[in-house]
Amino acid sequence: MKFLLQRLAQMVAVVLAVTFLCFAALNFLGDPLFNILGPIADENSGEEYAEVRAEARAEYNLDKPFPERYVRWVGGMVQGDFGRSFKNQTEVSTELSNRLPVTVFLMVYAQVLAVVIAVPWAVISAARAYRTVDKVSTVVSFGLLGIPVFALVVLLSYGIQLKWDPQWGDDSLFPGRYDDESLMSRLRSLAIPATALAIPLIAIYQRLLRTDLISTLQEDFIAVARAKGMSERHVLFRHALRPSLFSMLTVFGIQTGALIGGSIVVEQFFAIPGVGRALVEAIIRDDFPLVLGVVVVVSVIFVVVNFLVDLAYTFLDPRVKFDG
Amino acid sequence: MSLLDVEDLAVTFNTPDGPVYAVSNVSFSVKKGEALGIVGESGSGKSVTVKSLMGLLPRTADITGTAEFDGVNLFNLPSDRKKHFYGVDVAMVFQNPMTSLNPVKRIGSQLTEGMRYHTGISSSDANARAVELLDLVRIPDASDRLAQYPHELSGGMRQRVVIAMALANDPALLIADEPTTALDVTVQRDILDLLDSLRADLDMGLVLITHDLGVVHDRTDNIVVMYGGRVMELAPTNDVFADMEHPYTEALYQSIPNMSLPRGTRLNPIPGSPPDLSVTPVGCPFAPRCTYAIDRCSSEIPPLFDGGARADHYYACFVPQGSAGES
């Protein structure tokens with residue numbers, strides 16, 4: 001219990017620190033009022049706009065000192081009120097709740113795809129360590145690791161969709177149709193973006209898990225299991241796999257951050273209406289409340305996923321205890 | 001009739017630095033209900049010998065010779081027997097109980113998985129049998145143990161669990177590779193006595209590997225003394241202790257600490273170190289450390305002579321120290 005409270009405090013502190021830095025940066029780099037109103041924010045632009053300026057200052061608390069502004073913003077944020085977008089005056093919270101499920105779906109899709117492919121691949125490699133299958137796997141996974149996401153996106157979309165199989169050119173594969181409610185059609189429309197995000201993850205997970213499996217397979221309890229006459233498949237999946245998952249799981253948590261970065265590229269390229277795309281648009285338009293909203297969401301996702309990873313250690317190994 | 005007959009076993013490891021002759025010309029046999037002790041210091045090839053029998057050596061190992069168990073050669077198991085052979089007909093107990101159990105699996109699941117895999121019994125029957133086995137190896141509160149993890153048990157208890165696991169499918173032959181080396185002295189005797197009584201009660205063949213002649217003294221019927229991957233002496237246990245032919249056996253015996261000697265008496269270690277097994281042997285592997293060695297010892301490998309007081313007493317030495325040397 002003590003551990004959980006400590007972790008919770010830590011998580012809150014991380015999110016606050018991240019938002020404070022962003023809030024400060026956005027407020028001091030450039031005049032917020034200018035970003036809201038445009039040229040008429042200038043005091044010399046004419047008396048007729050003075051009232052508009054005063055209204056905007058009041059609405060966005062610009063007449064208050066910076067610390068108070070941050071505290072007020074945090075106060076609203078914890079109640080789910082992220083303020084209104086500078087540009088189209090919509091509630092940031094509405095914008096986020098529309099876009100967040102799309103991004104989360106894409107990220108979960110990519111992670112599941114990566115784990116489902118990487119785990120069996122790593123097991124096969126480790127079982128045949130230093131033999132032909134493993135050597136080829138090493139070359140392939142390093143190759144996959146070397147391709148940046150933006151290049152993958154281009155390769156996958158033009159390569160597969162248009163050139164090699166024109167039938168795929170049918171725009172049902174294009175995520176513009178994401179609005180469709182059915183799970184199958186969502187999976188289908190996000191297949192290429194999710195694959196683009198998953199490929200580097202597959203390579204990382206495969207490398208890590210393979211190495212850990214090879215060292216686990218040297219353990220005495222593996223020889224004991226073999227001496228019991230258990231099949232090699234049983235030895236690999238029931239004895240060696242679980243104690244070998246630690247590094248992969250740790251990196252799984254960390255890669256969630258990289259995945260958010262990757263989803264910005266992918267969402268932009270495929271015009272997927274997710275949080276990543278919202279962030280790009282918000283930054284281009286200096287839409288501070290929206291930028292901050294996305295930052296909050298992204299940092300909360302990252303912190304929560306890594307907390308879950310820590311909890312998962314206790315399920316992987318009964319010797320890991322947080323309290324005691 | 002013999003349960004296990006090992007004939008001319010040789011194991012060579014092919015390493016990047018050339019071959020390593022880990023085991024050469026090893027022969028012995030074990031009868032039903034009998035115990036065989038394999039004795040030797042580290043690097044004598046005793047572990048490699050039994051690992052080859054269990055099929056646990058890496059692919060770099062080149063095995064020649066035969067090991068007949070119940071009429072089948074272990075090194076060439078027919079595929080129909082392969083699947084349910086190890087863990088059923090032959091089982092093994094390992095040296096270090098602290099690492100022999102999977103740390104993330106419950107005791108119960110590790111005890112029952114072998115039964116379920118080989119005999120296909122139901123999980124409740126397997127659990128009942130697991131409790132029976134834990135009782136058999138004298139673990140208190142057996143039924144509570146099934147849900148525990150290995151780290152909740154002491155080393156001695158873990159070794160009992162490992163033994164129980166090995167016994168799960170009533171093996172005809174149990175191989176124990178230094179089963180007490182990693183345990184506290186006070187627990188060692190308990191485990192050895194347990195193995196001895198299990199052998200007698202279950203009428204199993206037992207191969208007991210150790211570096212301690214004292215361990216095999218009153219718990220085995222026959223002894224193989226190994227050095228440098230070769231058999232130095234092979235005889236019924238009583239004959240070995242009554243009439244040691246090989247200087248190495250003698251040296252090994254004299255290096256055992258003896259509590260009855262007066263305080264301050266120094267131990268009698270064997271000078272020198274074990275041979276380099278990557279060199280093709282030309283003479284007796286023990287010759288460089290042997291106080292009785294003659295010129296012939298370092299130029300010719302001594303064959304196994306049949307001699308001593310009894311006909312089934314074998315030794316590989318040109319200068320036997322026991323009754324064979326006197327005649």
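**View 1. Residues of helix α6 of chain A meet residues of helix α9 of chain A.** A:Ser141, A:Leu144 and A:Leu145 in α6(A) meet A:Ile199, A:Pro200, A:Ile202, A:Ala203, A:Ile204, A:Gln206 and A:Arg207 in α9(A). Contact here requires C-beta atoms, placed from the backbone, within 7 Å. Seven residues of this contact are nonpolar, two polar and one charged. Nonpolar covers Ala, Val, Leu, Ile, Met, Phe, Trp, Tyr, Cys and Pro; charged covers Asp, Glu, Lys and Arg; the others, Gly among them, are polar. The model is predicted: local features need pLDDT of at least 70, side-chain atom pairs count only at pLDDT 80 or more, and totals for chains, interfaces and linings use all residues. Residues are numbered from 1 along each chain as its sequence is written, and chains are lettered from A and ligands numbered from 1 in the order in which they are written.

**View 2. The crossing of α6(A) and α9(A) is left-handed.** Left-handed means that the near helix is turned anticlockwise from the far one by less than a right angle. Helix α6 spans residues 132-146 and helix α9 residues 191-216. Their axes lie 8 Å apart, at an angle of about 140°. The two helices are therefore oblique, a class left over once angles under 35 degrees (roughly parallel), over 145 (roughly antiparallel) and 65 to 115 (roughly perpendicular) are set aside.

**View 3. A:Asp286 has a positive phi.** The value is near 50°, in a residue other than glycine. Most residues other than glycine have a negative phi. A:Asp286 sits in the loop between α13 (275-284) and α14 (288-316) of chain A. A:Asp286 is partly exposed, with 18 other C-beta atoms within 10 Å. The cut-offs are 20 or more for buried, 12 or fewer for exposed, and partly exposed in between.

**View 4. B:Glu178 also has a positive phi.** Its phi is about 45°, although B:Glu178 is not a glycine. The loop between β7 (173-177) and α8 (185-202) of chain B holds B:Glu178. B:Glu178 is buried, with 21 other C-beta atoms within 10 Å.

How values were computed. Axes fitted to C-alpha atoms, helices over the stretch in contact; angles between N-to-C directions. Helix = DSSP H or I, 4+ residues; strand = E, 2+ residues; numbered from the N terminus. Contact = placed C-beta atoms within 7 Å.
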